[in-house]
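The entries follow in the order in which I worked.

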Amino acid sequence: MEGTKGYIHSFESFGSVDGPGVRYIVFLSGCPLRCKFCHNPDTWNMTAGQTYSASEVLEKALRCKSYWDKDGGITVSGGEPLLQMDFVTELFTLAKAKGVNTCIDTSGATFSSEGEAFEKFRKLMEVTDLLLVDIKHIDEEEHVKLTGRTGKNIREMFAYLDSINKPIWIRHVLVPGITDNDKYLEQTRDFIRTLHNVYRVEILPYHSLGKMKYDQLGIDYVLKDTESPTKERVENARTILECSKYRRWESELDGATDCGKDTPVSEYACGRNCC
């Protein structure tokens, strides 16, 4: 019996920015958000991806295990992984049986705090070691403008993860004229301060490297005239969000390595190098 099939956009064998250590990254297809700064519109359509079983994916990942040492593992990214929770749960259950560290890179856009969806999420968290979670925009009205969807359920997900003390790394994309605003940054900081499970906070400078994909797909890229933030504004955001304060990952997470090294985010707005 092959088990649940997952729709997969692509793989990356030696990821260095999607969790601690060297990661095998599985990019799933499908995403309900339409973030203006998204540079992977080719991941929006779930069924455009190739299908694999969880055991097939794990087999591919384990070929790289010798490079992980004690620090690395598997990260499932997207698209939006929570659209395919059954598949990710099966993959992570198999991975944990092999002693593999598991991580999800998610926007939280599909999170529900009730019903079958919540039970599936709760079960998934039992085999998940770490989540990389986005704060797209702290202001609800601006969140809808930026992503096309509400952020209320995402904040509910943050609260639940805090209640179960599940380790998270928070990422925030700095977009001039949208999120690069001291008032919003201070509100984001105040929200983060309410959480007790934050191991790391990262500022990801906006870039337009994905514009070519929009052109190829015939989609209008609405931020085509937006410049990347200056180094000064990036440092300002890091200061306001107190990024240097959140360093628990260095000593508490399996996979903590170079305690003086930050994720190289100067080029990649999502923290990935897949575009």
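I am working on a predicted model. I counted the cavities of 30 Å³ or more and got two. I then turned to the second largest cavity, for which I get a volume of about 70 Å³.

Which residues line the second largest cavity? I list Asp 134, Ile 135, Lys 136, His 137, Ile 138, His 143, Gly 151, Ile 154, Arg 155, Phe 158 and Phe 191. Sorted by class, this lining has five nonpolar, three polar and three charged residues. I also checked which element gives the largest share of the lining: helix α5 (residues 152-163), with three residues.

Aromatic pairs. I searched the whole structure and found eleven aromatic pairs. I looked at Phe 11 and Tyr 24 in detail. Phe 11 is in strand β1 (residues 5-15) and Tyr 24 is in strand β2 (residues 23-28), so the pair ties together parts that lie 13 residues apart in sequence.

Is each of these two residues buried or exposed? Phe 11 has a relative accessible area of 25%, so I note Phe 11 as partly exposed. Tyr 24 is at 3% relative accessibility and therefore counts as buried.

I also noted one aromatic cluster, formed by Phe 111, Phe 118, Phe 121 and Tyr 160.

Charges over rings. I came back to Phe 11 and found Lys 60 over the face of its ring, at 4.7 Å from the ring centre.

Leu 241. I located Leu 241 in the segment after α8 (231-240). Its relative accessibility is 1%, so I count Leu 241 as buried, the cut-off being under 20%.

What is Leu 241 in contact with, leaving aside its neighbours within four places in sequence? I find His 172, Leu 185, Thr 188, Arg 189, Val 201, Ile 203 and Tyr 246. For one of these, Arg 189, I looked up the spacing as well. Leu 241 and Arg 189 are 52 residues apart in sequence, while their C-alpha atoms are 4.9 Å apart in space.

Terms used
Residues are numbered from 1 along each chain as its sequence is written. This is a predicted model: local features need pLDDT of at least 70, side-chain atom pairs count only at pLDDT 80 or more; totals for chains, interfaces and linings use all residues. Side-chain values use heavy atoms; hydrogens and water are left out. On a 1 Å grid over the protein atoms alone, a cavity is a set of points where a 1.4 Å probe fits but cannot get out, and a pocket is an open set with protein on both sides within 12 Å along at least five of seven lines; lining residues have an atom within 4 Å of a point. Grid points are joined across faces, edges and corners, and a volume is the space filled by probe spheres set on the points. Helices (H or I, at least four residues) and strands (E, at least two) are DSSP runs, numbered from the N terminus. Ala, Val, Leu, Ile, Met, Phe, Trp, Tyr, Cys and Pro count as nonpolar, Asp, Glu, Lys and Arg as charged, and the others, Gly among them, as polar. Rings of Phe, Tyr and Trp (its six-membered ring) pair if their centres lie within 6.5 Å; planes under 30 degrees apart count as stacked, over 60 as edge-to-face and the rest as tilted. Buried means under 20% relative accessible area, exposed over 50%, partly exposed in between (1.4 Å probe, protein chains only). A charge sits over a ring if NZ of Lys or CZ of Arg is within 6 Å of the ring centre and within 35 degrees of the ring normal. Contact means heavy atoms within 4.5 Å.
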